[in-house]
Amino acid sequence: MPLNFRTYHELTDPDRSGLPEQIGAQRRRVAERVAGVRQVVAVLSGKGGVGKSYVTAGLSRAVARRGRPVGVLDADLNGPTAPRLLHLPVARCTLRGDAIEPVVNAEGVKCFSMGLLVEDGRPLAFRGPEAESHVWRGALEAAALREFLADVAWGPLDLLLVDLPPGIQRFQELADLLPAPPAVLVVTIPTPESADAVRRALRAVHDRGAPCLGVIENMTGGPFAGDAGDSLAREFDTPLLARLPFHPGVHAWDALAQRLGSAS
Ligand SMILES: Nc1ncnc2c1ncn2[C@@H]1O[C@H](COP(=O)(O)OP(=O)(O)O)[C@@H](O)[C@H]1O
Ligand SMILES: [Mg+2]
């Protein structure tokens, strides 16, 4: 495995005085790695299962069809879905010098995902004492995100979409690591419950000073009643970029990519 994960034992070793310096060095490396990326966009919502990963994949493919260089960083370390959604070839990441090359799909979308490192279907397993598992797990996940951003060589990109797990924690870590807070795309389903969860996430985004590019309402016109997309867009004075039905066709994705191109 090319990544240099530190174990719980190493992180909690009495002599961990070098850690702040290591993190500072990593942040400088992150800045170098994303220097050729025109825009980093975090895809988030307050909730799981609303289609963040599905939308990230569909949008990235549409952006690639428009001939723009695009990448997807799958930052869901425990439920990586990007390789399957992007139909990535079964490939191992290659290491070139001190950099990891992302895997490229048939449409030209570059992708890096924990799913490329762990065996199929197996959750990420961290070694550590059971009692403190939530503590070291969080610390190691943050460390893994740092390693990803510091080590993956994206090359020049118009857009790097970061597919986040549910909640706001990973967004905060991402904003801490990047030279500037990433722009944000929020995904919601039409229901009021989803609107509530997304509202909390959008407040955190706002407090962080991150620009919001717009709201995408997903699974519109199906069993979920509500107008979360419209109401969130109004409330946060941000565009409603798309209302995507179940199984949107190519035209819907292309229209979203076009709207995003003019919004960003
Ligand atoms: N518009 C859609 N049409 C059909 N299936 C969808 C749509 N959006 C999401 N899905 C499916 O719903 C499930 C949850 O989506 P996913 O992208 O994994 O959610 P999240 O990343 O927000 O947790 C997945 O099985 C995905 O394929
Ligand atoms: Mg997901």
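Five of the five residues of β2 (residues 70-74) are buried, so the strand is largely enclosed by the rest of the structure. Helices (H or I, at least four residues) and strands (E, at least two) are DSSP runs, numbered from the N terminus. As this is a predicted model, local features need pLDDT of at least 70 and side-chain atom pairs count only at pLDDT 80 or more, while totals for chains, interfaces and linings use all residues. Residues are numbered from 1 along each chain as its sequence is written, chains are lettered from A and ligands numbered from 1 in the order in which they are written, and side-chain values use heavy atoms, leaving out hydrogens and water.

As for its partners, β2 runs parallel to β7 (residues 157-163), joined by five bridges; strands pair if DSSP finds at least two bridges between them. Val70 sits opposite Leu159 in β7. Four bridges, again in the parallel sense, link β2 to β6 (residues 110-113), where Leu73 has Phe112 as its bridge partner.

Turning to ligand 1, 13 residues surround it, the closest being Gly49, Lys52, Tyr54, Asn218 and His247 (a residue is near if one of its heavy atoms lies within 4 Å). A backbone N or O atom of Gly49 is 2.7 Å from an oxygen atom of ligand 1, and a polar backbone atom of Tyr54 is 2.8 Å from an oxygen atom of the ligand. Helix α3 gives the most to this shell, with three residues.

The salt bridges come to 14, each being a side-chain nitrogen of Lys or Arg within 4 Å of a carboxyl oxygen of Asp or Glu. One of them joins Asp151 and Arg29, with the closest N and O atoms 2.6 Å apart. That pair links helix α5 (residues 133-151) to helix α2 (residues 19-33), 122 residues apart. Asp151 is buried at 11% relative accessibility, whereas Arg29 is partly exposed at 27%.

Technical notes. Buried means under 20% relative accessible area, exposed over 50%, partly exposed in between (1.4 Å probe, protein chains only). A polar contact is a pair of N or O atoms within 3.5 Å; within protein, one must be able to donate a hydrogen and the other to accept it, and residues adjacent in sequence count only if both atoms are side-chain atoms.
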